[in-house]
Number of protein chains: 2
Amino acid sequence: MFEGVVQDLVDELGTLPGIGPKSAQRIAFHLLDRDEESVRRLADVLIEVKEKVRFCEICGGISETEICRICSDARRSNDIICVVEESKDVFAIERLREFRGRYHVLGGAIDPIGGVGPDDLRISELMQRIAKGETDEVILALDPNIEGEATSSYLARMLGAQDVKVTRLASGLPVGGDLDYADEMTLGRAFLGRRSI
Amino acid sequence: MFEGVVQDLVDELGTLPGIGPKSAQRIAFHLLDRDEESVRRLADVLIEVKEKVRFCEICGGISETEICRICSDARRSNDIICVVEESKDVFAIERLREFRGRYHVLGGAIDPIGGVGPDDLRISELMQRIAKGETDEVILALDPNIEGEATSSYLARMLGAQDVKVTRLASGLPVGGDLDYADEMTLGRAFLGRRSI
C-alpha cells in the first residue's frame, strides 16, 4: 500500500510486541512528522543498546558492565538469592524497594512443548552459587503459570539436597481485584493459602 | 529504575504515540532479546525514512520522489481532486481502490485553539491547482470533527467562486455498527442524510 521505505518502516514496527498493523502505521506517520534529530536519537539508542547491554556474569541479568549494579553492590546481602525467569522480573521486584538480596536470572522456564529443558536454563550456575555456602534462602519467584510451576518444582527438588531454605512467592487473590473475577485456579490457591487473622 | 542505555531506550520508545511506559518497557526487553542484525534493520529504516521521504510538490503527500506516484500516474484523472488533511488519509482512501482522481493534502485542519489558521494549510496551492481549469469536482474528505467541519466550510466558501462542483463525504451510521451505540451527532446526521430506497 505504502511506498518503499515507508512500508519497510511499517513492517519493521509491526514486528514489535503489542504493535499491530494499525499502530505500526500510526507510529510510522508520527515519525514522518517528527524532526530528523529526534528520529535519529531513537535509531542511535537502538544501536547503542545492542552494543552496550550484555549479561551479568554472576546473575545473568542485563547489565552494561561485566558484573551488574546489583551483584556489585556491597550493601546488598548474599544470604538470599531470588530466582527469576527473565531480566525484566528483576526490575519488577526492584521496583518494590523491599528486597535487598541478590538475584539469579534463569533465562526462561522449563517448557517441554517449546523445547526448553533444564539444561537450557542457568540452573548449574545457580547450583554453583549456592555451593559456595553463603546462601541461607532461595526465593523462587517464577511466573505463576504451568512452565513457572514446573520449573519451581524442578528447582525445589534440586535444591532439596542443599543446606538452604527454599521458598516461593504466595499465590492468591490479586490486591484490588474482585473475588468473583478471579479464575478458579487463583481462587483455589487463595483458599489453600488462607491465613488466620 | 533501569540502567543507563536501557532506560534511554524505554524513554525514547515512550515518546511514540500509543506506547505507554509499560509497553515501552515490554518492547525494550523484546529488543534486548532480539539479535543485533534485526535491531539494526529497524534503526536503519528509521534513518532512511527521514532521509528519503519528502513531500510531493503537487499534492503535498509523502513521496520518495519530487512528484509522488499518484500525481505522476498518467492513468489517473485530473477531473477530480480529493482534499484530505494528512498523507495517511490518502492511504486510507487508496485502500478502497475506488477513487481514480488526484489528491491534495492540506497538512492539517483549521484549529483556532491549536493556532492553525488557513494560511498554515496548503490552501493557496489548492486554489492554484483549481485555477488551471482542469478540475470538475473537489471532494472534501476531511475528518468528521469540529476542525474538519470548519475547514470544509471554509474551503466550500473559497471554492464557491470557482467553476467547480464541491462535494463532501457522507456522514451517517458506520457500517456494521449498532444503531443504539451511535452518538447523537452521528445519528442526527444519519437522519438528515436519509435516502429513499
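**Annotated regions and aromatic pairs**

Let me begin with residues 56-71 of chain A, a span that is 0% helix and 12% strand, with its end C-alpha atoms 8 Å apart. Please keep in mind that this is a predicted model. For residues 56-71 of chain A, an unreviewed UniProt entry gives the feature "zinc finger region: C4-type".

Further along chain A, the UniProt annotation "domain: Toprim", again from an unreviewed entry, covers residues 79-174. Over residues 79-174 of chain A, the end C-alpha atoms are 28 Å apart, and the chain is 33% helix and 18% strand.

Now to the aromatic rings. How many aromatic pairs are there over all chains? With ring centres required to lie within 6.5 Å, the count over all chains comes to 4 aromatic pairs. One of them is formed by Phe91(A) and Phe29(B), whose ring centres are 5.5 Å apart and whose planes meet at 45°, so this pair is classed as tilted. Because Phe91(A) lies in helix 4 (residues 87-94) of chain A and Phe29(B) in helix 2 (residues 21-33) of chain B, the pair joins two chains. Are these two residues buried or exposed? Phe91(A) counts as buried at 8% relative accessibility, and Phe29(B) is buried as well, with a relative accessible area of 6%.

The rings of Phe99(A) and Tyr103(A) have their centres 5.2 Å apart and their planes at 70°, and since planes over 60 degrees apart count as edge-to-face, that is how this pair is described. Phe99(A) and Tyr103(A) are both buried.

Definitions and conventions. Residues numbered from 1 in each chain as written. Chains lettered and ligands numbered in written order. Predicted model: local features only at pLDDT ≥ 70, side-chain atom pairs only at ≥ 80, totals over all residues. Heavy atoms only, no water. Phe/Tyr/Trp six-rings, centres within 6.5 Å; stacked < 30°, edge-to-face > 60°. Helix = DSSP H or I, 4+ residues; strand = E, 2+ residues; numbered from the N terminus. Buried < 20%, exposed > 50% of the residue type's maximum accessible area, 1.4 Å probe, protein only. UniProt positions renumbered as here; feature names shortened; annotations may be inferred.
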